[in-house]
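Let's take a walk through this structure together. Have the sequence and the 3D view open side by side, and follow along strand by strand.

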Amino acid sequence: MPRFGLGTWRMGESKAKRAAEVAGLQLGLDLGIRLIDTAEMYGEGEAEGIVAEAIAGRRDASFIVSKVYPHNAGRAQAVAACERSLKRLKTERIDLYLLHWRGNVPLDETLEAFAFLKEAGKIGDWGVSNFDVADMRDLERAGGTDCASNQILYNPMRRAAEYELLRRCAERKVTVMAYSPIEQGRILRDRRLATLAEKKGASPAQICLAWALMRPNICAIPKITSEEHLRDNLGALDLVLDKEDLAAIDAAFPPPRGPARLDML
Ligand SMILES: NC(=O)c1ccc[n+]([C@@H]2O[C@H](COP(=O)([O-])OP(=O)(O)OC[C@H]3O[C@@H](n4cnc5c(N)ncnc54)[C@H](OP(=O)(O)O)[C@@H]3O)[C@@H](O)[C@H]2O)c1
């Protein structure tokens, strides 16, 4: 699974922005980013249509992640939802298919649907999103031991997962996908982050992304529409943070000292 990808939340909500959104994803693919994260929820399917346009003619160079709504996660409903996503994405396979967050449908029903979809070759792997430690435990008890990924809110301002969840996922080879890795831009206004970025000759966004990517088990999926942001974020892949930098981040955004609830956006 690629370690760096592009998000698509809020894409497909405005006709006026559509061309720019497709172009942003295409430029990302041109620059070697393969993973695109989407969901049936984003633009109520419209974001998947934008992804289809962006990957047209180069499906093999992309790794597509999509998500099923919790209320569509029943045995038959999840299969039908996946078929609808495949149609909108104009592809025969979703590389990674996630349960968007935990809802009321029993997990074993969703797992049955995922197993069926995998067996049928409609999805490559399956995973979850916004699952905290207790949810991961329940997932295992329900038989979900081959979960490939847990997509969670993770950035220097949102470190709850560090107390236990990251370690647990690493031990079970569940890749963590860090969503909103720059806190939808809000963290970039932090003065302490700006000071560290200046010292490193980097941008604040690069610091956040390099910080998340330091752990071998984490993949980050910032959303980008502007070319400037895209090129800036790619610079994070070459940025190395040392002990002193990490201490500065810990001082500004302390890690959890005990169990903390996983936030979700
Ligand atoms: N599973 C879930 O429940 C869940 C929840 C939230 C998000 N997600 C996924 O994660 C993806 C990313 O999260 P997100 O969209 O919430 O937030 P994000 O990636 O943290 O932030 C996106 C915002 O930051 C701006 N930006 C990007 N790079 C920048 C840079 N280098 N300098 C300054 N600004 C920059 C973007 O602007 P431009 O667009 O103008 O470039 C956009 O406004 C989503 O798109 C979605 O695919 C999943």
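**Starting from a covered strand**

Strand β7 (175-179) is covered on both of its faces: Thr 175, Met 177 and Tyr 179 on one side, and Val 176 and Ala 178 on the other, are all buried. Buried here means that 20 or more other C-beta atoms lie within 10 Å of a residue's own; 12 or fewer makes a residue exposed, anything in between partly exposed, and the C-beta atoms are placed from the backbone. Because 5 of the 5 residues of β7 are buried, this strand is largely enclosed by the rest of the structure. In a regular strand, side chains alternate between the two faces of the sheet.

Before going further, a word on what you are looking at. This is a predicted model, in which local features need pLDDT of at least 70 and side-chain atom pairs count only at pLDDT 80 or more, while totals for chains, interfaces and linings use all residues. Residues are numbered from 1 along each chain as its sequence is written. Helices (H or I, at least four residues) and strands (E, at least two) are DSSP runs, numbered from the N terminus.

Now step back to the sheet. It is open, with 8 strands in the order β1-β2-β3-β4-β5-β6-β7-β8 and parallel pairing; two strands pair if DSSP finds at least two bridges between them. β1 (5-6) and β8 (218-220) stand at the edges with a single partner strand each, so one side of each is left without a neighbour in the sheet. For β1, 2 bridges make the parallel link to β2 (residues 35-37), and Leu 6 stands opposite Ile 36 there.

Further along, β4 and β5 are parallel partners over 5 bridges, with Ile 94 opposite Ile 123 in β5. From β4 the chain passes through α4 to β5 in a right-handed β-α-β crossover; right-handed means that, with the strands pointing away from the viewer, the path from the first strand over the helix to the second runs clockwise. Helix α4 (residues 107-119) lies across β4 (94-99) and β5 (123-129), at about 155° to β5. Such angles run from 0 to 180 degrees between N-to-C directions, with axes fitted to C-alpha atoms, for helices over the stretch in contact. β5 itself is mostly covered, with 5 of its 7 residues buried.

Next comes β6 (residues 149-153), joined to β5 in parallel by 2 bridges. Val 128 has Asn 150 in β6 as its bridge partner. The chain gets from β5 to β6 through helix α5 (residues 133-141), in a right-handed β-α-β crossover.

β6 and β7 then pair in parallel over 5 bridges, and Ile 152 stands opposite Ala 178. Helix α6 (residues 165-171) carries the chain from β6 to β7, and this β-α-β crossover is right-handed.

What surrounds the ligand? Of the 29 residues around it, Gly 7, Trp 9, Tyr 179, Ala 205 and Lys 223 come nearest; a residue counts as near if its C-beta atom, placed from the backbone, lies within 6 Å. Helix α9 (residues 227-234) gives the largest share of this shell, 3 residues.

Terms used. Two residues are in contact if their C-beta atoms, placed from the backbone, lie within 7 Å.
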